[in-house]
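Please view the sequence and the model together while reading.

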Amino acid sequence: MLRKAIATKRPIHPSHAARPIRLLRKPFQIIRANFRAYLIINAIAYGLVIIGMVAAMVFPNLGAAQLATLEDNGTGDLVRSLINNPWLFALTILGVNVIRVGVLSIVLPSLIVPFAGIAIFAHKAFTIGLSLASTTSIPVVWIPHSLTLLIEFQAYALLMLGAYILGQAWIRPATIGARNPRQGYVRGLQQLGWLSLTALPLFIVGAIWEAFSLSYLFSR
């Protein structure tokens, strides 16, 4: 009976075991194929945050105006109400980063107008820099919160790279091996999807780190 059970047991097909590896490999293949654009997009994302911070220090009125905007739209009150509940705070940050910024500011506009999400996020990155310089001290920004920027902005950079590939494939289908704009759009959308899946874990880790680090800093 035991021999029969062993004999009828289905072996694990090698392709099944290799599937997770392929899933991880695909996004890195996309990045490697568009590495120059990836570097430029990273320079835009991180560079504009730094420029915004410097601008707020040189021109305090800019920082004050951004701080007033955060108070007027309820962001300040929301942060203060969640600061002592880090898990709920992390969930809120994740929702804002993924839906409001990732989907509504980067992905959705790029589905309608080529490269639109890159331009929109470039402006947002500058205003984020203004906010950071206006609401936190320099040690707080560069010691714990710098890791938040590194993680979350890498997720945004991946989405922007996807938006760039989609725009290129849409306007110049031959760059992605497509015969016409419609086929280029579909293939570009597929690559945007792969990069979005890669960005999601970064959004999750970044939201948890941001929530717990800010909760710790403001509870001291």
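Which helix gives the most to the nonpolar patch? Helix 3 (residues 35-58) does, with four residues; helices here are DSSP runs of H or I with at least four residues, numbered from the N terminus.

## Basis of the model

This is a predicted model, in which local features need pLDDT of at least 70 and side-chain atom pairs count only at pLDDT 80 or more, while totals for chains, interfaces and linings use all residues. Residues are numbered from 1 along each chain as its sequence is written, and side-chain values use heavy atoms, with hydrogens and water left out.

## The surface patch

The nonpolar patch on the surface is formed by Ile 50, Val 54, Met 57, Val 58, Phe 59 and Leu 62, which together have about 550 Å² of accessible area (Shrake-Rupley method, 1.4 Å probe, only the protein chains shown counting as cover). Patch residues have over 30% relative accessible area and no salt bridge, and nonpolar side chains are joined within 5 Å; a salt bridge places a side-chain nitrogen of Lys or Arg within 4 Å of a carboxyl oxygen of Asp or Glu.

Phe 59 lies in the loop between helix 3 and helix 4 (60-72). Phe 59 is exposed, with a relative accessible area of 51% (exposed means over 50%, buried under 20%, partly exposed in between, with a 1.4 Å probe and protein chains only).

## Helix 6

Helix 6 (residues 86-112) has 27 residues and spans 36 Å from first to last C-alpha, close to the 39 Å expected at 1.5 Å a residue (1.5 Å times one less than the number of residues). Helix 6 has a kink of about 50°, centred on Val 103; the bend is the angle between axes fitted to the seven residues ending at a residue and the seven starting there. Its buried residues include Phe 89, Ile 93 and Val 107.

Technical notes
Patches are made of residues with over 30% relative accessible area and no salt bridge: like charges are joined within 9 Å, nonpolar side chains (Val, Leu, Ile, Met, Phe, Trp, Tyr) within 5 Å. Helices (H or I, at least four residues) and strands (E, at least two) are DSSP runs, numbered from the N terminus.
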